[in-house]
Amino acid sequence: MTTPGSEACTGSVLFTDLVGFTEFNDAVGDAQAVEVLDRQTLLAAEALNGQDDARLVKELGDGLMLWFGTANAAVDAALHLMGSVESARQRGAFPLAIRMGVHHGEALTRGDDVVGATINIGARVADLAGPGELLVSDVALNAMETEDRDVLHCASVGPVRVKGVREPVWLQRVSR
Amino acid sequence: MASLPPPTIDRPLVRIASTSGRVELIAEDRTDVDVRGDAEVTRFGAATTITGDHGRLIVRVPAGIDVVIGATSGRVDVTGTVGATAVTTDSGRIGIERATSVDARSNDGRIEIGHCSADCCLRSEHGAVAVASCGSADVATATGRISLGDVRGAARAHCTNGRVDITMATANDVSAETVTGRISVSMPRGVRAFCTDLADGPAERPDDADCVVSTHSVTGRVDIVNR
């Protein structure tokens, strides 16, 4: 059910988080910390480039929320962003690791925002990821095109329960 | 009805989801899966899915089988020898006696691994992580202390502001990072480790080095010793 100004949509949400950002900010000061946030946003914009129906919904402190029309696009962008960050870290050009989570389902638009249980689950999935990790729900993996999914390396991760969601959310650690 | 597992699962697998109840998984010499406790059991392809709620679950499985377990606040104990093992809890403690590989994650719960013969991937926000022996290790916590013993493969540890202790059994590469926590790496006697700071970017490994120990702490102390 929608309310005036909101619209139902189906797609995939990607949450990112910079691991240890608060402590890093305390240690190096605001100016360097803001540089890192700007760099993350730039790398995310590059990962979104060319993806249909994809957008940065909002910045959440040191994390980002992105929305995609398909699970394929979300996972592809996440792996692209992971590769960019890890590559920059190996060169000493990015000081923190990134962690990410992807979930797929129905949601509601609310202005520029996207809200609903799918979004809440996506955030919880990202919370469970470690540095340099992408976790993807089984729901999102099952929504992917077979040929795109088959090239991924998937390893089972224990499921999570999300408040207000009856079924456990089963997860995979995904890499290429 | 439990959600479908992805088609990437091609080996026998037992999946268990619980909320606040304790989960005990016992791997033993048997061929079937026995479930004691209030739970829904579904089978799809190679996967058996057991969904419980608040009560205690005791699940007996064939030794060596792959398992995936999730609990919210309940404790999870895996005894006997299992295959690839993945466990997630929010606040419940995780204990795994012996597995081929481990992926264990908790928010507040302590994680204790006995023996893991291959890859050991552990994540905790605030709970401590301890491994008695493992192949390779990839461990990350926010504030929980990391203690890795008898590591026989590459070791990677990331802790925001807890202490990291790594004891290597063989000459393999180590990567350890903290923001404020202390890092201690112990290598076997006679191993020539090339030590680098991760913040300095890639460094060329000398020909006579047995392994590379890369560490970085923004404000914490780093000790690398041969024992």
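Q: Which pattern does chain A follow, read along the sequence?
A: This is a predicted model, in which local features need pLDDT of at least 70, side-chain atom pairs count only at pLDDT 80 or more, and totals for chains, interfaces and linings use all residues. Residues are numbered from 1 along each chain as its sequence is written, while chains are lettered from A and ligands numbered from 1 in the order in which they are written. Chain A has 6 helices and 8 strands (DSSP runs numbered from the N terminus: helices are H or I with at least four residues, strands E with at least two). Along the sequence they give β-α-α-β-β-α-β-β-α-β-α-α-β-β.

Q: What is the radius of gyration of chain A?
A: The radius is taken over C-alpha atoms, and the globule rule is 2.2 Å times the number of residues to the power 0.38. For 176 residues that rule gives 16 Å, and chain A comes close to it, so it is as compact as a globular protein of that length. Its radius of gyration is 16 Å.

Q: How are α1(A) and α2(A) oriented to each other?
A: Helix α1 (residues 21-28) of chain A packs on helix α2 (residues 30-48) of chain A at about 140 degrees, with axes 7 Å apart. Axes are lines fitted to C-alpha atoms, for helices over the stretch in contact, and angles run from 0 to 180 degrees between N-to-C directions. Under 35 degrees counts as roughly parallel, over 145 as roughly antiparallel, 65 to 115 as roughly perpendicular and the rest as oblique. The two helices, α1(A) and α2(A), are therefore oblique.

Q: Which residues in α2(A) meet α1(A)?
A: Contact means C-beta atoms, placed from the backbone, within 7 Å. From α1(A) come A:Phe24, A:Asn25 and A:Val28. Their partners in α2(A) are A:Asp30, A:Gln32 and A:Ala33.

Q: How many residues of chain B are in contact with chain A?
A: β1 (13-17), β7 (66-71), β8 (76-89) and β9 (94-106) of chain B each supply at least two residues of the side that touches chain A. On chain A, 28 residues take part. On chain B, the number is 32.

Q: How far apart do the C-alpha centres of domain 1 and domain 2 of chain B lie?
A: The domain assignment of chain B, automatic or from a database, gives domain 1 (9-109) and domain 2 (118-220). In contact are 10 residues of domain 1 of chain B and 10 residues of domain 2 of chain B. The C-alpha centres of these domains lie apart by 29 Å.

Definitions and conventions
Two residues are in contact if their C-beta atoms, placed from the backbone, lie within 7 Å.
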